[in-house]
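Please look over the chain shown below before reading on, and keep it in view while the paragraphs lead you from one part to the next.

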Amino acid sequence: KQWYQRRVAITAGGHWINHGKEHCLVGVKGSPSNFNRGLDCDVIVSEVRDTSHKPDEIYGMIERLSPGTRKLELFGREHNTQNNWLTLGNQLDGVHLEWEDVKSRYFTKYGMALPF
(Lines give C-alpha, C1' and ligand atoms only; values in the text may rest on other atoms or scores of the structure.)
Protein backbone atom coordinates (compact mmCIF):
# COMPACT_ATOMS: atom_id res chain seq x y z
CA LYS A 1 0.00 0.00 0.00
CA GLN A 2 1.42 3.36 -1.00
CA TRP A 3 0.39 6.78 0.27
CA TYR A 4 0.73 9.83 -1.91
CA GLN A 5 0.83 13.23 -0.40
CA ARG A 6 0.44 16.45 -2.33
CA ARG A 7 1.58 19.81 -1.09
CA VAL A 8 -1.09 22.46 -1.54
CA ALA A 9 0.04 26.06 -1.54
CA ILE A 10 -2.18 28.97 -0.58
CA THR A 11 -1.94 31.78 -3.10
CA ALA A 12 -2.34 35.47 -2.41
CA GLY A 13 -6.07 35.20 -3.14
CA GLY A 14 -6.49 32.38 -0.63
CA HIS A 15 -7.37 29.80 -3.26
CA TRP A 16 -6.38 26.18 -2.90
CA ILE A 17 -5.96 23.95 -5.93
CA ASN A 18 -6.56 26.72 -8.48
CA HIS A 19 -6.56 24.36 -11.44
CA GLY A 20 -9.46 22.31 -10.12
CA LYS A 21 -12.34 24.76 -9.86
CA GLU A 22 -14.09 27.76 -11.32
CA HIS A 23 -16.14 30.43 -9.63
CA CYS A 24 -19.72 31.24 -10.52
CA LEU A 25 -20.78 34.66 -9.31
CA VAL A 26 -24.51 35.23 -8.93
CA GLY A 27 -25.75 38.77 -8.55
CA VAL A 28 -29.25 39.90 -7.68
CA LYS A 29 -30.88 43.20 -8.61
CA GLY A 30 -33.59 44.32 -6.24
CA SER A 31 -35.26 42.02 -3.73
CA PRO A 32 -36.89 39.12 -5.55
CA SER A 33 -39.60 37.56 -3.43
CA ASN A 34 -39.03 34.08 -4.84
CA PHE A 35 -35.31 33.76 -4.08
CA ASN A 36 -34.63 30.17 -2.92
CA ARG A 37 -31.56 30.13 -0.71
CA GLY A 38 -30.12 26.79 0.31
CA LEU A 39 -32.10 24.85 -2.29
CA ASP A 40 -29.13 23.24 -4.05
CA CYS A 41 -25.64 22.18 -3.13
CA ASP A 42 -23.05 24.80 -4.01
CA VAL A 43 -20.59 22.31 -5.53
CA ILE A 44 -20.78 20.76 -8.99
CA VAL A 45 -18.49 17.90 -9.93
CA SER A 46 -18.26 17.65 -13.69
CA GLU A 47 -15.94 16.57 -16.47
CA VAL A 48 -13.79 19.25 -18.07
CA ARG A 49 -15.38 20.47 -21.30
CA ASP A 50 -14.42 22.85 -24.08
CA THR A 51 -13.06 26.27 -23.18
CA SER A 52 -15.73 28.37 -21.47
CA HIS A 53 -18.25 25.51 -21.64
CA LYS A 54 -19.97 25.47 -18.28
CA PRO A 55 -21.54 22.35 -16.80
CA ASP A 56 -25.20 22.05 -17.87
CA GLU A 57 -26.21 21.73 -14.22
CA ILE A 58 -25.28 25.35 -13.44
CA TYR A 59 -28.17 26.77 -15.47
CA GLY A 60 -30.75 24.59 -13.70
CA MET A 61 -29.32 25.55 -10.31
CA ILE A 62 -29.58 29.25 -11.11
CA GLU A 63 -33.13 28.82 -12.49
CA ARG A 64 -34.18 27.10 -9.24
CA LEU A 65 -32.46 29.81 -7.21
CA SER A 66 -34.69 32.50 -8.70
CA PRO A 67 -37.46 31.03 -10.87
CA GLY A 68 -39.36 33.24 -13.29
CA THR A 69 -36.80 36.05 -13.25
CA ARG A 70 -34.55 37.27 -16.04
CA LYS A 71 -31.06 35.87 -16.15
CA LEU A 72 -27.90 37.46 -17.60
CA GLU A 73 -24.71 35.67 -18.55
CA LEU A 74 -21.63 37.79 -19.19
CA PHE A 75 -18.78 36.74 -21.48
CA GLY A 76 -20.94 34.04 -23.05
CA ARG A 77 -20.23 32.12 -26.24
CA GLU A 78 -22.59 30.45 -28.71
CA HIS A 79 -22.54 27.13 -26.81
CA ASN A 80 -23.50 28.95 -23.57
CA THR A 81 -26.73 30.55 -24.81
CA GLN A 82 -29.89 29.46 -22.97
CA ASN A 83 -33.58 30.11 -23.57
CA ASN A 84 -34.89 33.02 -21.48
CA TRP A 85 -31.35 34.22 -20.65
CA LEU A 86 -29.65 37.35 -21.94
CA THR A 87 -26.15 36.29 -22.96
CA LEU A 88 -23.56 38.96 -23.71
CA GLY A 89 -20.14 38.31 -25.19
CA ASN A 90 -17.80 39.38 -27.94
CA GLN A 91 -17.78 35.89 -29.46
CA LEU A 92 -21.53 35.70 -30.11
CA ASP A 93 -22.91 35.71 -33.64
CA GLY A 94 -25.32 38.64 -34.04
CA VAL A 95 -28.07 39.97 -31.82
CA HIS A 96 -30.93 37.72 -30.72
CA LEU A 97 -33.38 39.24 -28.23
CA GLU A 98 -36.44 37.43 -26.89
CA TRP A 99 -38.05 39.97 -24.58
CA GLU A 100 -40.24 42.56 -26.30
CA ASP A 101 -39.37 45.41 -23.92
CA VAL A 102 -35.65 44.76 -24.39
CA LYS A 103 -36.10 44.66 -28.18
CA SER A 104 -37.92 48.00 -28.05
CA ARG A 105 -35.24 49.68 -25.93
CA TYR A 106 -32.48 48.26 -28.13
CA PHE A 107 -34.16 49.53 -31.30
CA THR A 108 -34.80 52.95 -29.73
CA LYS A 109 -31.20 53.31 -28.61
CA TYR A 110 -29.40 51.90 -31.66
CA GLY A 111 -32.03 52.58 -34.37
CA MET A 112 -31.33 49.45 -36.35
CA ALA A 113 -33.46 46.52 -37.41
CA LEU A 114 -32.86 43.36 -35.45
CA PRO A 115 -31.93 40.16 -37.32
CA PHE A 116 -35.06 38.14 -36.44
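**A walk through the model**

Asp 101 is partly exposed, because its relative accessible area is 34%, where partly exposed covers what lies between buried, under 20%, and exposed, over 50%, with a 1.4 Å probe and protein chains only. This is a predicted model, in which local features need pLDDT of at least 70 and side-chain atom pairs count only at pLDDT 80 or more, while totals for chains, interfaces and linings use all residues. Residues are numbered from 1 along each chain as its sequence is written, and side-chain values use heavy atoms, with hydrogens and water left out.

Which residue forms a salt bridge with Asp 101? The partner is Arg 70, and the closest N and O atoms of the two are 2.7 Å apart; a salt bridge here is a side-chain nitrogen of Lys or Arg within 4 Å of a carboxyl oxygen of Asp or Glu. The pair links distant parts of the chain, since Arg 70 lies in the loop between α1 and β1, whereas Asp 101 lies in helix α2, 31 residues apart. These elements are DSSP runs numbered from the N terminus, with helices (H or I) of at least four residues and strands (E) of at least two. Arg 70 counts as partly exposed, because its relative accessibility is 44%. Salt bridges that share partners join Arg 70, Asp 101 and Arg 105 into one network.

Side chains of opposite charge can pair when their charged atoms come close. A search of the whole structure finds five salt bridges, and one of the pairs is Lys 54 with Glu 73, whose closest N and O atoms are 2.7 Å apart. This pair, too, links distant parts of the chain, with Lys 54 in the segment before α1 and Glu 73 in strand β1, 19 residues apart. Are the two partners buried or exposed, or in between? Lys 54 is partly exposed, because its relative accessible area is 27%, while Glu 73 is buried, because its value is 5%. Another salt bridge is formed by Lys 71 with Glu 63, the closest N and O atoms being 3.4 Å apart. Lys 71 counts as buried, because its relative accessibility is 6%, and Glu 63 counts as partly exposed, because its relative accessibility is 28%.

We can now turn to the surface. Leu 72, Leu 74, Phe 75 and Leu 88 form a nonpolar patch there, with about 440 Å² of accessible area together. Such patches are made of residues with over 30% relative accessible area and no salt bridge, with like charges joined within 9 Å and nonpolar side chains (Val, Leu, Ile, Met, Phe, Trp, Tyr) joined within 5 Å, and the areas come from the Shrake-Rupley method with a 1.4 Å probe, only the protein chains shown counting as cover for residues. Phe 75 is found in the loop between β1 (71-74) and β2, and it is exposed, because its relative accessible area is 69%. Phi of Phe 75 is near 65°, a positive value in a residue other than glycine. Asn 84 lies in the loop between β1 and β2, and its phi is also near 65°; Asn 84 counts as partly exposed, because its relative accessibility is 45%.

The largest pocket has a volume of about 1900 Å³, a pocket being, on a 1 Å grid over the protein atoms alone, an open set of points where a 1.4 Å probe fits, with protein on both sides within 12 Å along at least five of seven lines, and lining residues having an atom within 4 Å of a point. Of the 50 residues that line this pocket, the closest to its centre are Cys 24, Leu 25, Val 26, Ile 58 and Ile 62. The largest share of the lining, six residues, comes from α1. The second largest pocket has a volume of about 590 Å³, where a volume is the space filled by probe spheres set on grid points that are joined across faces, edges and corners. Of the 22 residues that line the second largest pocket, the closest to its centre are Leu 86, Thr 87, Leu 88, His 96 and Leu 97, and α2 gives the most to this lining, with five residues.
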